[in-house]
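Let's take a walk through this structure together. We'll begin with a pair of helices and then move on to charged side chains.

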Amino acid sequence: MTGYDPRGQANRALLVGVSEYDLTEPPYGVPGDLPAVRHNLNRLRDALRRGRVFREREITVCRSPDQVDFGRALRTAVDEAEGVLLLYFAGHGAIPSAGDELFLQMRNASVVAGGHAVFPGAEMFTTVLTVLAASKARRIVVVLDCCFAGNAAWIWETFRDKRRVLLLMSVQANHRTDAGDPHTPTPFTDELVTLLDDGDEEVWFRGLADAVRARMTGDGHRTVRGDAWEPQSRTEPEEDVLLAAGASGGGAHGRFPWHRGAAPGRTHPAKRDPEGPGVTPPYVAGDGPGGGGGAEPVPGGAGKRGAGAGSSGRG
């Protein structure tokens with residue numbers, strides 16, 4: 001397995017959180033504002049600063065942008081990144097009835113329901129991936145905290161330039177999630193930041209993805225449908241990237257010890273990444289089948305995130 005250590009490179013992290021929306025009333029509004037997302041951005045920004053992979057000037061926080069402002073910020077990060085480029089999005093997500101695309105809804109988003117629902121003011125995940133792939137960055141990390149985030153898996157799997165892209169999704173395909181307490185981060189990002197902000201140990205993408213999935217399922221989190229809430233991840237088999245260096249610069253005895261070396265019951269030889277310093281990243285078994293597929297109708301409900309055409313465009 002090859003791991004990339006981007007320390008010392010020109011890294012960029014773009015943290016996008018949409019907590020306020022212009023249109024939240026029927027018939028075209030999104031399900032509502034998401035005050036918890038404000039806390040997501042603060043916590044994640046601080047954790048990345050302490051992780052010592054991203055310098056402070058390399059982290060951009062984008063609060064409740066409209067689609068134009070998001071596109072501008074994304075292109076800037078793409079143009080500047082040479083090491084690792086991280087995009088984090090928290091907000092409403094929407095899918096068409098076929099479930100074959102994920103729309104990231106920005107501040108000016110609206111929903112036009114019907115047999116072929118459309119989502120003005122939202123960015124297609126396919127477009128986001130295409131823009132990210134234009135970067136010179138050696139690794140691209142995408143973290144999605146939104147309803148239907150797992151529907152991005154199918155898009156990643158069919159994307160031609162996916163080798164550099166490591167994708168972490170807050171929930172499995174075709175599921176909506178509750179944003180949680182407005183005074184705290186959303187449940188997924190709360191777990192994510194707690195694990196990322198280990199303090200002493202290195203944190204690798206694969207170990208982080210495996211650990212947040214274990215924490216979410218182990219703590220009994222449930223989706224709106226009542227199923228187990230299971231974050232998903234997608235990477236090529238040999239890819240990994242360092243996301244936090246930790247105060248001690250390494251070690252195999254962190255909060256979840258498979259940050260480096262082998263996961264429990266697994267072994268693998270260390271390799272050197274020709275694009276960066278030699279490291280020994282974790283080995284984590286891949287996710288089970290997921291992503292893609294047709295979305296089924298979901299019930300409405302105030303305070304829930306996301307909108308799908310199968311639910312008349314309302315979350």
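Helix α1 passes helix α5 in a left-handed crossing, where left-handed means that the near helix is turned anticlockwise from the far one by less than a right angle. This is a predicted model, in which local features need pLDDT of at least 70 and side-chain atom pairs count only at pLDDT 80 or more, while totals for chains, interfaces and linings use all residues. Residues are numbered from 1 along each chain as its sequence is written, and side-chain values use heavy atoms, with hydrogens and water left out.

To find the two helices, look at residues 36-51 for α1 and residues 187-196 for α5; helices here are DSSP runs (H or I, at least four residues) and strands are too (E, at least two), numbered from the N terminus. The two axes come within 9 Å and cross at roughly 15°. An axis is a line fitted to C-alpha atoms, for helices over the stretch in contact, and angles run from 0 to 180 degrees between N-to-C directions. That's why α1 and α5 are roughly parallel to each other, the word for angles under 35 degrees.

Which residues of α1 and α5 meet? On the α1 side they are N40, R43, L44, A47 and L48, and on the α5 side T189, D190, V193, T194 and L196, contact meaning heavy atoms within 4.5 Å. The residues of this contact split into five nonpolar, three polar and two charged. In that scheme Ala, Val, Leu, Ile, Met, Phe, Trp, Tyr, Cys and Pro are nonpolar, Asp, Glu, Lys and Arg are charged, and the others, Gly among them, are polar.

Now for the salt bridges: the count comes to 21, each one a side-chain nitrogen of Lys or Arg within 4 Å of a carboxyl oxygen of Asp or Glu. R12 pairs with E80, their closest N and O atoms being 2.8 Å apart. R12 sits in strand β1 and E80 in helix α2, so this pair ties together parts that are 68 residues apart in sequence. R12 counts as buried at 18% relative accessibility, and E80 as partly exposed at 37% (buried is under 20% relative accessible area, exposed over 50%, partly exposed in between, with a 1.4 Å probe and protein chains only).

Another salt bridge joins E20 and R38, with closest N and O atoms 2.5 Å apart. E20 lies in the loop between β1 and α1 and R38 in helix α1, so the parts tied together are 18 residues apart in sequence.

Conventions: Parallel < 35°, antiparallel > 145°, perpendicular 65-115°, else oblique.
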